[in-house]
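Hi,

Here is the structure I said I would pass along.

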Number of protein chains: 2
Amino acid sequence: MSAAAAEKAPTQQFADRLFDSAATGNLEEVKSLLNAGTAAVNAKNERGWTALMFAARNGQLPVIQYLTEKGCDVNIMNSSGQTALDIASFWNHIDSAVYLQKHSTQSPYDLVSNYFSQNPLYRASDLRKNSEWLETVMKKESTKYVVFDADLSPFFIQGEENRFKFAVFTYSQLVSCLAIKAQVIFLGLETWDPHSSAWFAVRLPDQDNSVCKDSYPDGIFASLFPRGREVLRLEKTHAGLFAEANSVLTWLDRYKFCPTCGSSTQVVEGGYKQVCSNTQCRSRNGVHNTCYPRVDPSLIMLVVTGDNRRCLLGRAKRFPPKMYSCLAGFMEPGECIEDTCRREVEEESGVKVGRVDYHSSQPCLSQQHLCLAVLHMLAQKKLRVDPNELEDARWFTRGEVGQMLAARHPDGMFLPPEEAIARQLIMYWVARSATNL
Amino acid sequence: MSAAAAEKAPTQQFADRLFDSAATGNLEEVKSLLNAGTAAVNAKNERGWTALMFAARNGQLPVIQYLTEKGCDVNIMNSSGQTALDIASFWNHIDSAVYLQKHSTQSPYDLVSNYFSQNPLYRASDLRKNSEWLETVMKKESTKYVVFDADLSPFFIQGEENRFKFAVFTYSQLVSCLAIKAQVIFLGLETWDPHSSAWFAVRLPDQDNSVCKDSYPDGIFASLFPRGREVLRLEKTHAGLFAEANSVLTWLDRYKFCPTCGSSTQVVEGGYKQVCSNTQCRSRNGVHNTCYPRVDPSLIMLVVTGDNRRCLLGRAKRFPPKMYSCLAGFMEPGECIEDTCRREVEEESGVKVGRVDYHSSQPCLSQQHLCLAVLHMLAQKKLRVDPNELEDARWFTRGEVGQMLAARHPDGMFLPPEEAIARQLIMYWVARSATNL
């Protein structure tokens, strides 16, 4: 055993032995390590590789079968975004790939789980139209409240695995500030059962936040800027709660007057609708979007070459040094998604784009954006970067992108964190294109 | 020859002979008809079938090869949404299917061409920020104007193939009403060359529409309601122009006051931005969506069963009798597309939905909607229709849907017209599922 190996923790030493025996096809050693409980079946090395991936790398089918029977997760991705199936396919181990394909219970689409997309609540959009029901439910002791301060900073406490989560309050804990016209919005129910617990978000009416600190002395009001602070380190379901509450509260903060006639508005339907106070206003007849929250669709776009070997990444001036990401842009009125992609990519980089594929969506951090991530096939390779839009844009090989994903690029270039849909899209491309080389 | 056949026009008689000889594999007859010029290679029968489709139906590979060499279009779809490739695959003619696959130059995605998505203009979003450039371009004689009246009805004339198109005006034709504060918005340039012709849309300032009738006495101001009138019978590229102009003009019509402070606004950037007139307003610092047009993403959803044999269609009370269509719903703030689908389908029909696939998008007729069409896999089949949302919803087999597409359903049920993205989505499913039965 080398000196470096000797310094490792015992758990990691057993995991390393598991990886070695999986890679070399030593089934007896794999069995012995797992049955003794000294190594975990889904243990990962520092690049996110599991024993199954090492076995897949070398086509060790008996080991793959045994690990699968022992309940290993065949859908795990390593830090390059590859599953064991991707690896077996890439190295042309057909039998192993076919076996892994059969045991992959999820489609590639189902594997996508964007950070802000995992809201556990049922929005109950019908029930929130009933103001009496809302008032009754608000006062139930099983009802849960999350809190934002007057500047819309959310109040978090420490959660699991070094992540944050919302501090959760009851009605009686907040009754003093609810009485003085705090803004309250309905987030949803815990299940589709109308009697399940309801969740609300509260925006405190002034700078007196003592009600929060009294209950949770260690809680913090998280700053939304600069990006990447506490809001990007939430427990996952709380990121979904944040996306919903933040979108509605931001809308109510910026939309206080009727855009059609300039009168003040009244908030109804648990925060999801505003009605103009002027009974003569046109917005009072029929259904008009002036009364409802905005969802501004923006596109996060990964352009790939026709041979699928390179992708186009760019950086804006405001990015941290050496960070590159997908191109991005807003949809315009009367435009379809596919045309937005073609227009934005050509405007920003001069590259002409052909086919457009949809990847996934998630609400965005700082405004009411919808992110749509897509892959593009290339019609023309010449780059002509618009300096007003981007500081730089260039083609990266799949290998380079793999280095960036693993934080091992020789020039220190890197990608956005996994909470960003851009990284999810890039990982998806790396994993898929690995099997198509 | 039957009496019915004898009544047909000679062109159709030759086409029928071409179809017969393609179906029976009579290559000499096919050659003779095409070389004599008596039948067109892409001729269709009343169900949209071409000679290639008849050959594909019976696996007549030599005829398929000959028709392809003669330049027939392998991507044409019949009125059930099937290509020749779909038909050959469905009837298990493997050699023919492989040959047709090789000669299909377009992917299924590229075949999608939604009615309102085909805007031929380049929006030149950078140039429109330059007000001096806009003012100069407006007065050029090569610049083209389309017109809406004060009620936002567009002014159309007869186009090709019994369709309508915008009447196009020059600056000098409109100069009298442009002088009295008609609303003018910039639509884009004919190409990416900044010197190419610019297009604008004008909203007339009052009820005096004589300027239109003077130039085009036969022109009409098209009513947007009820749906399905002239706006759904435009030449295709003009439908894209309409979508852009209508979206921006509708926004300017409904958004006249700053939602943040209630002050009046000033329209800039060729109609694509409004700036609050109150210099103290928060909306003047930074970029805020209060200043930009809305794009409200709504989803058009086709739910299909796990075995891909049935799909769920519903009807709203406002539909014409016997018309069924996809389910539909708006995205909510902080929601991802996939969750909107699952929530809306379960709310409206009680059906639980699993995987969500994206199909295509197009701007919508009457407001600034973005339509996203998706296929869903089913997790639970039990229907529980919400009477507030739908009058009826039921499962239809692929065969029934084929009858509805061909307007031959025994009970007279039918689908929306091909200008609706819902029909495009349904046709796509029928064509794809035909190959997977």
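**Domains and the chain A–chain B interface**

In chain A, the C-alpha centres of domain 1 and domain 3 sit 32 Å apart. Bear in mind that this is a predicted model. For orientation, the chain A domains run 10–103 for domain 1, 125–255 for domain 2 and 296–431 for domain 3.

Let me start inside chain A. Where domain 1 and domain 3 of chain A meet, nine residues of domain 1 are in contact with eight residues of domain 3. That interface buries about 630 Å², and carbon and sulfur atoms give 55% of it. On the domain 1 side of chain A, the residues touching domain 3 split into one nonpolar, five polar and three charged. How many salt bridges cross between domain 1 and domain 3 of chain A? The rule finds zero.

Now for the two chains. Chain A can be laid on chain B with an RMSD of 0.1 Å, using a turn of 180 degrees and a shift of 0.0 Å along the axis. The two copies are therefore related as by a two-fold rotation axis. The same surface serves both copies, with 100% of the contact residues of chain A recurring in chain B.

As for the contact itself, 61 residues of chain A are in contact with 61 residues of chain B. The area buried between chain A and chain B is about 5,500 Å², with 50% of that coming from carbon and sulfur atoms.

What about polar pairing between the chains? Between chain A and chain B there are 40 residue pairs in polar contact, both residues being at pLDDT 80 or more. Several elements of chain A give two or more residues to the side that touches chain B, among them α8 (108–111), α12 (236–254), β9 (296–304) and α13 (337–349). Which element gives the most to this side of chain A? That is β12(A), with seven residues. Sorted by class, the side of chain A that touches chain B has 24 nonpolar, 16 polar and 21 charged residues.

On to the charges. Side chains of opposite charge can pair when their charged atoms come close. A search of the whole structure gives 36 salt bridges over all chains, and the count between chain A and chain B is eight. One pair to look up is A:Arg128 with B:Glu332, a salt bridge whose closest N and O atoms are 2.3 Å apart. This pair crosses between chains: A:Arg128 is in the loop between α8 and α9 (131–138) of chain A, and B:Glu332 is in the loop between β11 (327–330) and α13 (337–349) of chain B. There is also a salt bridge between the side chains of A:Glu332 and B:Arg128, at 2.2 Å from N to O.

Cheers

Conventions. Residues are numbered from 1 along each chain as its sequence is written. Chains are lettered from A and ligands numbered from 1 in the order in which they are written. This is a predicted model: local features need pLDDT of at least 70, side-chain atom pairs count only at pLDDT 80 or more; totals for chains, interfaces and linings use all residues. Side-chain values use heavy atoms; hydrogens and water are left out. Domain bounds come from an automatic or database domain assignment. Contact means heavy atoms within 4.5 Å. Buried area is the accessible area (1.4 Å probe) that two parts lose on being put together, summed over both. A salt bridge is a side-chain nitrogen of Lys or Arg within 4 Å of a carboxyl oxygen of Asp or Glu. Ala, Val, Leu, Ile, Met, Phe, Trp, Tyr, Cys and Pro count as nonpolar, Asp, Glu, Lys and Arg as charged, and the others, Gly among them, as polar. Copies are superposed by least squares on the C-alpha atoms of residues with pLDDT of at least 70 in both. A polar contact is a pair of N or O atoms within 3.5 Å; within protein, one must be able to donate a hydrogen and the other to accept it, and residues adjacent in sequence count only if both atoms are side-chain atoms. Helices (H or I, at least four residues) and strands (E, at least two) are DSSP runs, numbered from the N terminus.
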